[in-house]
Structure formats: structure tokens, C-alpha cells
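These are my notes from a first look through one structure, taken down in the order in which I looked things up.

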Amino acid sequence: MIQRTPTRIEAHLVEDRPSWQQLLSESITCPEELLARLNLSPERWLQGARAGHQLFPVRVPEPFLARMRKGDPNDPLLRQVLPVSHEALRVPGFVRDPLEEDGAIQTTGLIRKYRSRALLMVTGQCAVNCRYCFRRHFPYEDQRLSPRDRQHIVETLAASPEINEVILSGGDPLAVNDRLLAQWANELGAISHLKRLRLHTRLPVVIPERVCESLLAWLKKTRLQVVMVLHINHPHEIDSATRAALEQLRDAGVTLLNQSVILRGVNDSTEVLEALSETLFDAGVLPYYLHAFDPVEGAHHYDVSDDEARGLVRDLLSRLPGFLVPKLVREVPGRDGKTPLNLFS
Ligand SMILES: *Cc1c(COP(=O)(O)O)cnc(C)c1O
Ligand code: SF4
């Protein structure tokens with residue numbers, strides 16, 4: 001039999017793709033390297049980047065970096081991850097824990113604010129460090145659930161028939177390996193009053209390779225309905241690899257939704273938000289929430305006022321079908337559920 005040499009394209013297809021674990025561990029965690037890779041001047045940017053990095057470390061995975069425009073300090077993806085000198089400024093009203101989350105912890109790893117759903121923090125690790133994150137001041141990386149914590153959580157959920165949905169959050173729950181996630185899905189699936197499993201994740205966006213066979217296997221197997229809430233702020237975050245990953249998730253029966261945060265210099269225009277909704281829907285994702293900005297210390301340069309955000313969403317209502325307009329919400333400490341911002345008051 002004649003062995004045909006593969007063409008260049010075929011060779012590329014059969015080549016081993018790096019695993020998501022490898023991509024995660026090889027993320028850029030050094031401000032100098034981030035600037036160098038994007039051809040940005042260290043004279044102009046390095047001092048600020050180092051100052052911000054001291055407060056909240058840089059973390060950018062390669063597949064996300066690859067979607068940024070070189071030489072453009074205003075690239076909307078770069079702006080979400082590049083530390084700048086403004087982060088060191090103290091601005092009145094911008095606090096370390098804007099959501100006062102500390103109060104709602106029921107048992108280690110389990111946060112209970114709402115009657116029908118419970119949030120489970122399965123890891124503190126994220127695949128990307130977003131500068132505006134309201135969790136930037138917590139040493140979440142230290143938190144790992146012990147087998148005993150896990151058992152306690154499962155017992156608590158089994159004894160709470162009013163809960164029908166469990167939300168895996170973090171950090172990023174998909175930073176956890178599939179062996180452990182499959183175990184969670186198994187144990188939660190065995191609790192008969194649970195109907196849904198929700199995952200709040202940015203991983204399929206920043207490292208599409210995360211949507212691998214072992215993830216798809218447990219997603220397809222669980223009896224629970226799976227909802228994935230992605231976090232995408234700008235249409236450039238969706239490239240062909242992300243689209244392919246999202247399509248595989250949909251084929252596995254996962255309902256895909258998206259939440260964004262309104263961010264100065266990233267998506268604070270009607271045009272960008274409209275393009276974001278259209279691009280999301282093209283990729284099979286429905287816009288769910290647009291979060292009003294939470295005043296977190298070190299992130300005031302991203303602040304968009306509530307009035308400006310309301311105006312942007314009113315414009316979206318006139319340009320898009322209703323199902324492509326995200327709900328503008330804020331999390332108000334102590335309130336049940338997210339609070340919608342009134343658009344016409
Ligand atoms: C936002 C949030 C939820 C989910 O709320 P939905 O409005 O159902 O998306 C659940 N638990 C906590 C702690 C939350 O902050
Ligand atoms: S991925 Fe989410 S939790 Fe992690 S830093 Fe970004 S916004 Fe925060």
C-alpha cells in the first residue's frame with residue numbers, strides 16, 4: 001500500500017493540540033512579557049503594569065492573547081487584562097468588597113442567597129485575571145474544598161428540598177479537572193429535587209481547548225439540565241475556535257447564556273453592545289445579564305455610570321429584537337436576586 005504524505009493542512013489537523021491544562025499553565029503571568037508579545041513600549045506601560053501586577057497578578061492565556069491587535073494599547077481585550085498605574089489610586093466609594101459576600105456563606109464552599117438556588121465555589125482559580133473583577137481582593141486561590149467539605153455540601157443540599165438548581169462558580173469551575181467535575185455531577189444528580197446544574201465560566205472563551213472529550217462526556221451523561229453562563233464583554237473575544245467549542249457544547253445539550261460587565265473603553269458604546277449581541281447569537285449564545293459596574297477598589301477607570309448604562313440599553317431596545325437585549329442588573333448587598341435597573345425613570 002502506498003503511504004501518501006499528508007498535505008500541510010492535514011499535518012496541521014493531526015498534530016497534537018496542546019491540552020487545556022498545558023495552555024492554562026503556560027499563561028502569561030509577567031507584565032514585561034505581555035507588553036513584549038503585543039509590541040507595546042515598556043517605557044510607556046511597564047511601570048504602571050508592574051504597579052497593578054503587585055495588587056492583582058497578571059494572567060492571560062495564549063489563545064486569548066492571540067485575539068488582541070498588536071501595537072494597540074486600546075485593544076478591548078487587552079484593556080481587560082493589562083494592569084495600569086490607575087489601579088493604585090484610592091477613590092472614595094470604590095471598596096474592596098462591594099458585594100459584601102462574606103455574610104452569605106452557609107458552609108465552606110456553599111453560598112446561599114436565594115431560596116431555589118445555591119452557589120458552590122469549587123475553586124478559587126481563574127483562567128484569566130480580569131482587572132475589573134470584584135473578586136480581585138480575595139485570596140481565593142487558597143481555597144480548595146477537602147473531601148469532607150464536599151461531603152458536607154452534598155448532605156446540606158440533599159436536606160434542602162427547596163433548592164432545584166446548583167451553580168458552580170469560583171474562580172472558574174472549569175479550571176477544575178473533569179474527573180472531579182464528573183464526580184460532582186454524579187453526586188448532585190443523585191439528589192432527586194435538583195433539576196439544573198449551572199456553570200459560570202470564562203474558560204471556553206479564553207481557552208477553547210477546555211471543551212475537550214472528557215468535559216463533553218460528563219455533560220452528556222448527567223441527568224441534570226446544564227446551563228452554561230459564559231462571560232464575554234466584546235465581540236472580538238469570539239473567534240473561530242471559540243465558535244467551534246460552543247457548538248460542541250450545544251451539541252452536548254448545554255444551554256448557553258452570556259453575562260457581560262459594562263466597562264469603560266471596552267464595551268461602553270451602543271455599536272459594540274449591538275455587535276456583541278449579534279455575534280453571541282451567531283455563536284448560539286443568548287445574552288442574559290449586563291452587569292452595572294461594581295465600584296471595586298483599583299478599577300475606577302472602568303466605571304460607567306448607571307445613567308449612561310441605562311441609555312445604552314435603551315438604545316439597544318430600539319436596535320435589536322428583545323431576546324438579544326441583556327437585562328441590565330446590579331447585585332445589591334442583602335437583596336434577593338439581582339436588581340434590574342429601571343430604564344425609563
Ligand atoms: C448572581 C448569583 C446567583 C444567580 O442568580 P441568577 O439571577 O439566577 O442568575 C446565585 N447565587 C449568587 C450568590 C449570585 O451572586
Ligand atoms: S474570570 Fe471571572 S472571577 Fe475570574 S477574574 Fe475574570 S471576572 Fe473575575
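I began with ligand 2, and found that ligand 2 sits in the largest pocket of this model, which is a predicted one. I then listed the residues around ligand 2, and these are Cys126, Val128, Cys130, Cys133, Arg202 and His231. Sorting this shell by residue class, I noted 4 nonpolar residues, 1 polar and 1 charged.

Next I turned to helix H12, which runs over residues 270-282 and so counts 13 residues. From its first C-alpha to its last, H12 reaches 18 Å, and this is close to the 18 Å expected at 1.5 Å a residue. Which residues of H12 are buried? I wrote down Thr270, Val272, Leu273, Leu276, Ser277, Thr279 and Leu280.

My last entry concerns helix H4, made up of 14 residues, 42-55. The span of H4 from first C-alpha to last is 19 Å, which is close to the 20 Å expected at 1.5 Å a residue. In H4 I found Trp45, Leu46, Gly48, Ala49 and Gly52 to be buried, and the element that the buried residues of H4 pack against is helix H3 (31-37).

Technical notes. Residues numbered from 1 in each chain as written. Chains lettered and ligands numbered in written order. Predicted model: local features only at pLDDT ≥ 70, side-chain atom pairs only at ≥ 80, totals over all residues. Heavy atoms only, no water. Near = heavy atom within 4 Å. 1 Å grid on protein atoms, 1.4 Å probe; cavity = no way out; pocket = protein on both sides within 12 Å on 5 of 7 lines; lining within 4 Å. Sits in = over half its atoms within 2 Å of the grid points. Nonpolar A, V, L, I, M, F, W, Y, C, P; charged D, E, K, R; others polar. Helix = DSSP H or I, 4+ residues; strand = E, 2+ residues; numbered from the N terminus. Expected span 1.5 Å × (residues − 1). Buried < 20%, exposed > 50% of the residue type's maximum accessible area, 1.4 Å probe, protein only. Contact = heavy atoms within 4.5 Å.
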